[in-house]
Amino acid sequence: MTIDSAVGDTTHVDELRVLEAESVHIIREVVAELERPVLLFSAGKDSIVLLRLAEKAFRPSPLPFPVLHVDTGHNFPEVIDFRDRRLADAGHTLVVASVQESIDSGRAQEIGGPNASRNRLQTRTLLDALEAGRYDAAFGGARRDEERARAKERVLSFRDEFGQWDPRAQRPEPWSLYNGRIRRGEQVRVFPLSNWTELDIWRYIEQEGLELPPIYFAHEREVFERDGILLATSEFTSPAESESAATEWVRYRTVGDLTITGAVRSHATDIAGVIGEISAATVSERGETRADDRTSVAAMEDRKREGYF
């Protein structure tokens, strides 16, 4: 290792420790101020890092809040297997909010068609789960570099009694001072990873030796291309007559509903390879691989105003 590379590695470690300390501080502050927090967990890379930070914030005590997963029913099996094992091994309390149950009860209406997705239906399921649990704060792994609507978020994002977001009604956070006071019925969405980047997330995963679902690394999978996105063939997604499936080497930059989450062609089978690819990337993971974010320029902001995370 050269002197320059050694200095560079030390710089990255120092930067990650600063980000880690900031995130742990935010988590502790919210738990001190709010009564019933919950941590949203998708078993994606960001929520895996968020969970580790929450564990560090309260060690050796157990987490003082449960973990909530909004399950669309159209998940990658590898992700659900990882979710159950990771939380069970750590002894965390898992609450699953089911989109299918929202559909069955008439709280949400499924839309058909070749491009149908349950992603937007998560909003109703999430709001119902927060109300049922009487949660007044929800931790999430969103980052400002992901998407332009998320770049507008404060670390503490206040929602009204209907769970809706108004970007013009957010509180200032000068000098990293956070005001978590809310009126009865209001909620706070908390983003401890706001100042992290995708590259920071991967470097922290490498530094901490965190396990991830295997779909984050290159593997062979049958996929087909639709609107410039590589979708996996599954019981929920299949190529139309004008589309053809092929087995390719791919990995996933983000985890979500498999009907709208695209893969990227890759041969990065380990963290070092992934970091190399991300370092050269010019498009965020959501911009490259999430079909729901391509419906309009303001697609994410529209959903967030309705109550989406």
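Start by selecting helix H7 (residues 198-208) and helix H8 (residues 271-280), which pack at an angle of about 165° with their axes 10 Å apart. H7 is therefore roughly antiparallel to H8 (the word covers angles over 145 degrees; axes are lines fitted to C-alpha atoms over the stretch in contact, and angles run from 0 to 180 degrees between N-to-C directions). Helices here are DSSP runs of H or I with at least four residues, strands are E runs of at least two, and both are numbered from the N terminus.

You are looking at a predicted model, where local features need pLDDT of at least 70, side-chain atom pairs count only at pLDDT 80 or more, and totals for chains, interfaces and linings use all residues. Residues are numbered from 1 along each chain as its sequence is written, and side-chain values use heavy atoms, leaving out hydrogens and water.

Next, show side chains: Glu198, Leu199, Trp202, Arg203, Ile205 and Glu206 of H7 meet Ile271, Val274, Ile275, Ile278 and Ser279 of H8 (contact means heavy atoms within 4.5 Å).

Now move to the open sheet, whose six strands follow the order S3-S2-S1-S4-S6-S5 with mixed pairing (a pair needs at least two DSSP bridges). Select S3 (94-98) and S5 (156-159) at the edges: each has a single partner strand, so one side of each lacks a neighbour in the sheet.

Then pick S1 (residues 37-40) and S2 (residues 67-71), parallel strands joined by two bridges. Leu40 has Leu68 in S2 as its bridge partner.

Finish on helix H5 (residues 122-132), which packs on the sheet and touches S1, S2, S3, S4 (137-139) and S6 (187-190).

Notes: Parallel < 35°, antiparallel > 145°, perpendicular 65-115°, else oblique.
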